[in-house]
Amino acid sequence: MQVCQEQGGHLASIESLAEHNKVLAAISATGYPLYMKQWLIGGSDAGIEGQWIWLGVNKEMKYKNFRNGEPNNYQNQDCLMIIGTNQGNQWDDVWCDTVCYGFVCAYNEV
Ligand SMILES: [Ca+2]
Ligand SMILES: [Ca+2]
């Protein structure tokens, strides 16, 4: 979050399948791996459990792309990442202090 802000942006929000695919493409374009890695994006349900917000744009989350069984709020998970698996690249709620492999910043609205 902070790193994005220092560069004038914020953690990415994803409001449609098209945007989800765009983020995946952006990760691929970096040359860093997606498979079996965790990429932090800008969603949180820290305010009200189960009510997900895109922090960077301060919007309620409507489009969702969680993996099966997620979000499970396991021991109070309030942050959001994309995790790459061979079943696709979907979302999981994670602890906010989870060390992710990378993070996705957004610099203007798409
Ligand atoms: Ca939660
Ligand atoms: Ca989870």
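The legends below describe close-up views of a predicted model of one protein.

Residues are numbered from 1 along each chain as its sequence is written, while chains are lettered from A and ligands numbered from 1 in the order in which they are written. Because the model is predicted, local features need a pLDDT of at least 70 and side-chain atom pairs count only at pLDDT 80 or more, whereas totals for chains, interfaces and linings use all residues.

**View 1. Confidence along the protein, by element.** The pLDDT, which is the predictor's confidence in each residue on a scale from 0 to 100, averages 93 over the protein, and 96% of the residues score at least 70. Elements are named from DSSP runs numbered from the N terminus, with helices being H or I runs of at least four residues and strands being E runs of at least two.

**View 2. Helix α2 and its two sides.**

View 3. His20, which belongs to helix α2, counts as buried because 20 other C-beta atoms lie within 10 Å. Contact here requires that the C-beta atoms of two residues, placed from the backbone, lie within 7 Å. When residues up to four places away in sequence are not counted, His20 touches Ile14 and Asn65.

View 4. Two strands are said to pair if DSSP finds at least two bridges between them. Strand β2 pairs with β5 (residues 79–85) in the antiparallel sense over five bridges, and the partner of Ile41 in β5 is Leu80. With β7 (residues 102–103), β2 runs parallel and is joined by two bridges, where Leu40 has Phe103 as its bridge partner. With β3 (residues 51–54), the pairing is antiparallel over three bridges, and Ser44 stands opposite Ile53. Two residues lie between β2 and β3 in the hairpin that they form, and Gly50 in the turn has a positive phi of about 90°.

**View 5. The hairpin of β5 and β6.** Strands β5 and β6 run antiparallel and are joined by seven bridges, forming a hairpin with two residues between them. In this pairing Leu80 stands opposite Asp93 of β6. Strand β6 is mostly covered, since five of its seven residues are buried.

**View 6. The largest nonpolar core.** A nonpolar core is a set of buried Ala, Val, Leu, Ile, Met, Phe, Trp, Tyr and Cys residues joined through C-beta atoms within 7 Å. The largest such core has 18 residues, and those with the most contacts inside it are Ala12, Trp39, Ile41, Met81 and Val104. Two or more residues of this core come from each of α2, β2, β5, β6 (88–94) and β8 (105–106), with β5 giving the most, namely five. Leaving aside neighbours within four places in sequence, Val104 is in contact with Leu11, Ala12, Val23, Ala26, Ile27, Trp39 and Ile41.

**View 7. The loop between β4 and β5.** Most residues other than glycine have a negative phi, and most peptide bonds are trans. The peptide bond from Glu70 to Pro71 is cis, with omega near 0°, and Pro71 lies in the loop between β4 (59–60) and β5. Asn73, found in this loop, is not a glycine and yet has a positive phi of about 50°; it counts as exposed, with 12 C-beta neighbours inside 10 Å. Asn76, also placed in the loop between β4 and β5, has a positive phi of about 70° although it is not a glycine, and with 11 C-beta neighbours inside 10 Å it counts as exposed.
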